[in-house]
Amino acid sequence: MRSRVLRDIKARQCVADNELTRQAYRYITRNETLPARVRHQAQLALNAMPKQSSPTFIANRCVATGHGSGILREFKLCRFQFRLKALNGELPGVKKSSW
């Protein structure tokens, strides 16, 4: 596998592992009924979490080739691989249009 694909898999796993903790800290920091000290400590803990644990760190990549641009989200394929698989009939419900 390509290193970028492996890095993306690792980042997705890190997000999944830290999702509950991150949500809890975000809830605490935004809850204005709590004391400011507790909210500040939660914000510091949130800042100390790994950079890759943020969902915005993940970039969409083609699952077939690892290509990083021209990705169709619904199929997780780049446009070229989508075209090849659609023409070969490997994608259910997708066919070449003609009018």
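Helices and strands are here DSSP runs, helices of at least four residues (H or I) and strands of at least two (E), numbered from the N terminus. In this predicted model, Lys 76 accordingly has its place in the loop between β1 and β2.

**The nonpolar core**
- Eight residues form the largest nonpolar core, namely Cys 62, Ile 71, Leu 77, Cys 78, Phe 82, Ala 86, Leu 91 and Val 94.
- At least two residues of this core come from β2, which spans 77-78, and at least two from α3, which spans 79-87.
- Leu 91, itself a member of the core, touches Phe 75, Leu 77, Phe 82, Lys 85 and Ala 86 when residues up to four places away in sequence are not counted.

**Helix α3 and its end**
- Within α3, the residues Gln 81, Phe 82 and Ala 86 are buried, and they lie on the same side of the helix because the arc they cover around its axis is only 130°.
- An α-helix has 3.6 residues a turn, so residues three or four places apart point the same way.
- The buried residues of α3 pack against both β1 and β2, and two of the residues that are buried in α3, Phe 82 and Ala 86, also belong to the largest nonpolar core.
- Just after α3 comes Gly 89, which takes a positive phi of about 80°.

**The largest pocket**
- The largest pocket holds about 250 Å³ of space, and its lining consists of Val 5, Asp 8, Ile 9, Arg 12, Asn 60, Arg 61, Cys 62, Val 63, Ile 71, Arg 73 and Lys 76.
- Helix α1, which covers residues 3-30, gives the largest share of this lining, with four residues.
- Sorted by class, the lining has five nonpolar residues, five charged residues and one polar residue.
- Cys 62 and Ile 71 are found in this lining and also in the largest nonpolar core.

- Asp 8 is part of helix α1, and it counts as buried because its relative accessibility is 12%, where the cut-off for buried is under 20%.
- Apart from neighbours within four places in sequence, Asp 8 is in contact with Ile 58, Ala 59 and Arg 61.
- Lys 76, by contrast, counts as exposed, with a relative accessibility of 51%.
- Most residues other than glycine have a negative phi.
- Lys 76, although not a glycine, has a positive phi of about 55°.

**Two glycines in the loop between α2 and β1**
- Gly 66 is found in the loop that runs between α2 (36-48) and β1 (71-72), and Gly 68 also has its place in the loop between these two elements.
- Gly 66 is buried, with a relative accessible area of 5%, whereas Gly 68 counts as partly exposed, at 45% relative accessibility.
- When residues up to four places away in sequence are not counted, Gly 66 touches Arg 2, Val 5 and Arg 61, while Gly 68 touches Asn 60 and Arg 61.
- The C-alpha atom of Gly 66 is separated by 28 Å from that of Arg 22, and these residues are 44 residues apart along the chain.
- For Gly 68 and Ser 54, which are 14 residues apart along the chain, the separation of the C-alpha atoms is 19 Å.

Notes. Residues numbered from 1 in each chain as written. Predicted model: local features only at pLDDT ≥ 70, side-chain atom pairs only at ≥ 80, totals over all residues. Heavy atoms only, no water. Core = buried A, V, L, I, M, F, W, Y, C linked by side-chain atoms within 4.5 Å. Buried < 20%, exposed > 50% of the residue type's maximum accessible area, 1.4 Å probe, protein only. Contact = heavy atoms within 4.5 Å. 1 Å grid on protein atoms, 1.4 Å probe; cavity = no way out; pocket = protein on both sides within 12 Å on 5 of 7 lines; lining within 4 Å. Points joined across faces, edges and corners; volume = space filled by probe spheres on them. Nonpolar A, V, L, I, M, F, W, Y, C, P; charged D, E, K, R; others polar. Arc of directions from axis to C-beta.
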